[in-house]
Amino acid sequence: MKTKIFALLMFSSLLFMNSCTKEDDAVPPVATATPATQTITSGTATSVALTSSISGTTFSWTVVQSGVSGATPGSGTNIAHTLVATGEVAGTATYLITPTANGTMGSPVSVTITVNPVIAIVTYTVNIKPLLVNSCTPCHVAGGSNPNKWDSYATTKSNINGILDRVQRESGAAGFMPVGGPKLSATNISLLKKWVTDGLLEN
Ligand code: HEC
């Protein structure tokens, strides 16, 4: 009887030791950040969700900012920081996020946020001319086939309604501009509209 109890004790302590060993070799969590890259406008917030292969994982992060302010190191399951571009060009905030589950750290994952500055006032020279010369060449520029030249302020200004109409048509539809080129990005179309509401300024 005594031996039986002893054997039982030995067996259960072995089980216990075994579970301890398992704990020490705990599988590291695999973190996922969604999205891993994000582009926001200066003054708006990031929204990055942190999840892991193991439930109950905690996350902590460090951050390196370049031309951006507002990002701070921290912890949690969502990175929601209002970031501001400190210059006239886009800046970045790069987060390095480390997951921890059951005392075991997983490999860090990185997230890059690009922060675009808010353009105060859209002008022809700074914003519109480069955009149109880039997208509407070789036709609507000096030496090009079309008589309406978008590298001229006066011509562009007097044709702005037609330009806005053509660039907002469906790609491939009759009259769609640029002929043979990709549809202008939503950002560039907004820039053209903002040029109108800002007063069609040259400089
Ligand atoms: C490959 C040459 C080509 C490119 C690139 C092109 N266009 Fe045109 N565009 C034309 C031709 C040819 C016409 C005349 C036929 C028509 O009205 O569809 C025209 C007509 C227009 C018109 C109507 C007024 C006019 O001049 O007849 C507007 C507005 C216009 N284009 C805007 C643009 C804008 C904005 C871009 C760039 C985002 C662009 N186009 C790119 C060839 C081009």
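Helices are DSSP runs of H or I of at least four residues, numbered from the N terminus. In this predicted model, helix α5 is followed by Gly-199, whose phi is positive, near 105°. Helix α5 itself covers residues 186-197. At 1.5 Å a residue, its 12 residues should span 16 Å. The C-alpha atoms at its ends are 16 Å apart, which agrees with that expectation. Leu-200 also lies in the segment after α5. Leu-200 is not a glycine, yet its phi is positive, about 50°. It has 16 C-beta neighbours inside 10 Å and therefore counts as partly exposed.

The protein as a whole contains five helices and 12 strands. Buried residues make up 21% of its 203 residues. Among contacts with a separation of 6 or more, 57% join residues 24 or more positions apart.

Three of the strands form an open sheet, in the order β1-β4-β8. The pairing in this sheet is antiparallel. Strands β1 and β8 stand at the edges, each with a single partner strand, so one side of each is left without a neighbour in the sheet. Strands of a sheet pair through backbone hydrogen bonds, either parallel or antiparallel. Strand β1 comprises residues 31-34 and is joined to β4 by four bridges. Here Ala-31 stands opposite Ser-52 in β4. Strand β8, residues 78-79, pairs with β4 over two bridges. In this pair, Asn-78 of β8 stands opposite Ala-49. Strand β4 spans residues 48-52 and has two faces. Val-48, Leu-50 and Ser-52 make up the covered face. Ala-49 and Thr-51 make up the uncovered face.

The nonpolar residues were examined next. In soluble globular proteins, nonpolar side chains tend to be buried together. The largest nonpolar core of this model has 18 residues. Ala-93, Tyr-95 and Ile-97 have the most contacts inside this core. Six strands each supply at least two of the core residues: β1, β4, β5 (58-66), β9 (82-85), β10 (91-101) and β12 (109-116). Another core, of 10 residues, lies apart from the largest one. Val-122, Ile-128, Leu-131 and Leu-132 are among the residues of this other core. In the largest core, Ile-97 was followed in detail. Leaving aside residues up to four places away in sequence, Ile-97 touches Ala-31, Ala-33, Leu-50, Phe-59, Trp-61, Pro-108, Val-109 and Val-111.

The shell around the ligand holds 19 residues. Cys-136, Cys-139, Asn-148, Met-177 and Pro-178 come nearest to the ligand. By type, the shell divides into nine nonpolar residues, nine polar residues and one charged residue. Helices α2 (124-136) and α4 (160-167) each supply at least two residues of the shell. The largest share, four residues, comes from α4. An α-helix has 3.6 residues a turn, so residues three or four places apart point the same way.

Several backbone features lie in loops. A cis peptide bond joins Thr-34 and Pro-35, with omega about -5°. Pro-35 sits in the loop between β1 and β2 (37-41). The peptide bond from Thr-137 to Pro-138 is cis as well, with omega near 10°. Pro-138 is placed in the loop between α2 and α3 (153-158). Asn-102 is not a glycine, but its phi is positive, about 50°. Asn-102 belongs to the loop between β10 and β11 (104-105).

How values were computed. Residues are numbered from 1 along each chain as its sequence is written. This is a predicted model: local features need pLDDT of at least 70, side-chain atom pairs count only at pLDDT 80 or more; totals for chains, interfaces and linings use all residues. A residue is near a molecule or strand if its C-beta atom, placed from the backbone, lies within 6 Å of it. Ala, Val, Leu, Ile, Met, Phe, Trp, Tyr, Cys and Pro count as nonpolar, Asp, Glu, Lys and Arg as charged, and the others, Gly among them, as polar. The expected span of a helix is 1.5 Å times one less than its number of residues. A residue is buried if 20 or more other C-beta atoms lie within 10 Å of its own, exposed if 12 or fewer, and partly exposed in between; C-beta atoms are placed from the backbone. Two strands pair if DSSP finds at least two bridges between them. A nonpolar core is a set of buried Ala, Val, Leu, Ile, Met, Phe, Trp, Tyr and Cys residues joined through C-beta atoms within 7 Å. Two residues are in contact if their C-beta atoms, placed from the backbone, lie within 7 Å.
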